[in-house]
Amino acid sequence: MHEFEVLADAVRRRLLAVLALGEQPAGVLTDIARDEFGISQPAVSQHLRVLRENGFATVRAEGTRRIYALDRAGVDAASRALAQLTDPLAQRLDALHTEVARGRRAASENRERKIS
């Protein structure tokens with residue numbers, strides 16, 4: 001699943017926002033999602049699975065509880081994907097800047113030749 005598809009869902013974005021504050025037990029995440037979105041525990045589990053399988057969250061066992069944490073790998077991948085959308089414009093502006101500087105330098109050299 002593409003990073004943007006993972007982040008397109010409001011429940012998953014909310015769960016990531018909570019995980020960005022620190023590790024959370026699955027029960028806390030379920031309560032938040034149930035209260036705010038009115039979804040069932042299995043639906044929350046499905047969203048957590050999507051986050052885990054796509055590198056946005058990790059889970060570890062602590063006794064009988066499952067503790068979730070934010071996985072920077074997914075967030076970084078989304079940042080890179082977003083940067084790829086903006087880089088072509090940045091590259092074109094850099095090329096334009098280079099051409100303008102080259103033109104100014106050539107014009108300056110031509111003026112100096114005419115003077116001497």
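I began with helix α3, where the buried residues pack against α2, β1, α4 and β3. Contact here means heavy atoms within 4.5 Å. Helices (H or I, at least four residues) and strands (E, at least two) are DSSP runs, numbered from the N terminus.

A note on the source: this is a predicted model, in which local features need pLDDT of at least 70, side-chain atom pairs count only at pLDDT 80 or more, and totals for chains, interfaces and linings use all residues. Residues are numbered from 1 along each chain as its sequence is written, and side-chain values use heavy atoms, with hydrogens and water left out.

**Helix α3**

I looked up which residues of α3 are buried, and found Ala26, Leu29, Thr30, Ile32 and Ala33. Buried means under 20% relative accessible area, exposed over 50%, partly exposed in between (1.4 Å probe, protein chains only). Seen down the axis of α3, the buried residues fall within an arc of 165°, so they line one face of the helix. The arc is that of the directions from the helix axis to the C-beta atoms.

Next I checked the length of α3. At 1.5 Å a residue, its 12 residues should span 16 Å, and the end C-alpha atoms are 16 Å apart, which agrees. The expected span is 1.5 Å times one less than the number of residues. After α3 comes Gly38, with a positive phi near 65°.

**Helix α2**

In α2, I found Val11, Arg12, Leu15, Leu16, Val18 and Leu19 buried. These residues cover an arc of only 160° around the axis, which puts them on the same side of α2. Their packing partners are α1 (3-7), β1, α3, α4, β2 and β3.

**The sheet**

I then traced the strands. An open sheet of 3 strands has the order β1-β3-β2, with antiparallel pairing. Two strands pair if DSSP finds at least two bridges between them. The edge strands, each pairing on one side only, are β1 (24-25) and β2 (57-62). α2 packs on this sheet and touches β1, β2 and β3; its direction makes about 90° with that of β3. Axes are lines fitted to C-alpha atoms, for helices over the stretch in contact, and angles run from 0 to 180 degrees between N-to-C directions.

β2 pairs with β3 (residues 65-70) over 6 bridges, antiparallel. Ala61 has Arg66 of β3 as its bridge partner, and Thr58 stands opposite Ala69 in β3. The two strands form a hairpin with 2 residues between them, and Gly63 in the turn has a positive phi of about 65°. On the β1 side, 2 bridges join β1 to β3, again antiparallel. There Pro25 has Ile67 of β3 as its partner.

**The core**

Which residues touch the most other members of the largest nonpolar core? Of its 19 residues, I listed Leu15, Leu29, Ala33, Leu48, Leu51, Phe56 and Tyr68. Two or more core residues come from each of α2 (10-19), α3 (26-37) and α4 (41-53). The largest share, 5 residues, comes from α2. A nonpolar core is a set of buried Ala, Val, Leu, Ile, Met, Phe, Trp, Tyr and Cys residues joined through side-chain atoms within 4.5 Å.

I followed Leu48. Leaving aside neighbours within four places in sequence, Leu48 is in contact with Leu15, Leu29 and Tyr68.

**His47**

His47 lies in helix α4. Beyond its neighbours within four places in sequence, His47 is in contact with Asp9, Val11, Arg12, Leu15 and Ile39.
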